Amino acid sequence: MSDQSLPFRTAAVIPAAGRGVRLGPGAPKALRTLNGTPMLIHAVRAMAASRAVSLVVVVAPPDGAAEVKSLLADHALPDRTDFLVVPGGDTRQESVKLGLDALPPGIDAVLVHDAARPLVPVDTVDGVIEAVRDGAVAVVPALPLADTVKEVEPRTDGSPEPVLATPERARLRAVQTPQGFARETLVRAHETVTDNVTDDASMVEQLGEPVVVVPGHEEAFKVTRPLDLVLAEAVLARRRANDGF
């Protein structure tokens, strides 16, 4: 059998071990509910909605794997997709690495998706996968910026911060997830890069490998603050009204 005849298999890794302190006290961010359903379940369903995703690996809090397994079992998920829960680490990078380590042989592409982006549309997921399938080793969905951006000299004492520069907005993008990678490239990045890590794509950049951008979506925003929960509920309400989501 030639390599060209083998199926192209994609797995998604969802690091969900963080506490989400900016949302305030209570359950970890990924377990906060939207329309009565934990954000993590929405994020898992968003990945599994793509027929190209054959496996979703959820990286749970180090002491919460059993709880997350129970959570997945309690909610309806697509039968065509396999699901796996593994304990995470102390940092997001450690958790993604543990998710990568749990992948079986035969996976060609890996998506890394924030559990705090529960509403990413399937078309965005498919667009990232398609770009990897077409040969890109690292792909990020992103949106143009609506606001002018200023580079400043940070101040920690509360005093006004001096502006250093105004970057050209047309050259800037706000990056979202899922970020998609050729498996070998992402594994190599996690084995060799440890410093200045902001996301998985930045790790690949430090390898000297090219990263490309595909269109993101306004509904793939990150739920970080209480107002984001209100916006996410509004998006879900509109989806229910429009198409019975």
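This is a predicted model: local features need pLDDT of at least 70, side-chain atom pairs count only at pLDDT 80 or more; totals for chains, interfaces and linings use all residues.

Start by selecting residues 53–60 and 82–87: these are strands β4 and β5, which pair in parallel over six bridges. Strands here are DSSP E runs of at least two residues, helices are H or I runs of at least four, both numbered from the N terminus, and pairing takes at least two DSSP bridges. Val 58 sits opposite Val 85 in β5.

Numbering runs from 1 along each chain as its sequence is written, and side-chain values use heavy atoms, leaving out hydrogens and water.

Next, pick helix α4 (residues 122–133). Thr 124, Val 125, Val 128, Ile 129, Ala 131 and Val 132 are buried there (under 20% relative accessible area; exposed is over 50%, partly exposed in between, 1.4 Å probe, protein chains only). Look down the axis of α4: the buried residues fall within an arc of 160°, so they line one face (the arc uses directions from the axis to the C-beta atoms).

Now show Arg 92 and Asp 200, a salt bridge with closest N and O atoms 2.9 Å apart (the cut-off: a Lys or Arg side-chain nitrogen within 4 Å of an Asp or Glu carboxyl oxygen). The pair links helix α3 to helix α6, 108 residues apart. Asp 200 is buried at 1%, while Arg 92 is partly exposed at 33%.

Technical notes:
The expected span of a helix is 1.5 Å times one less than its number of residues.
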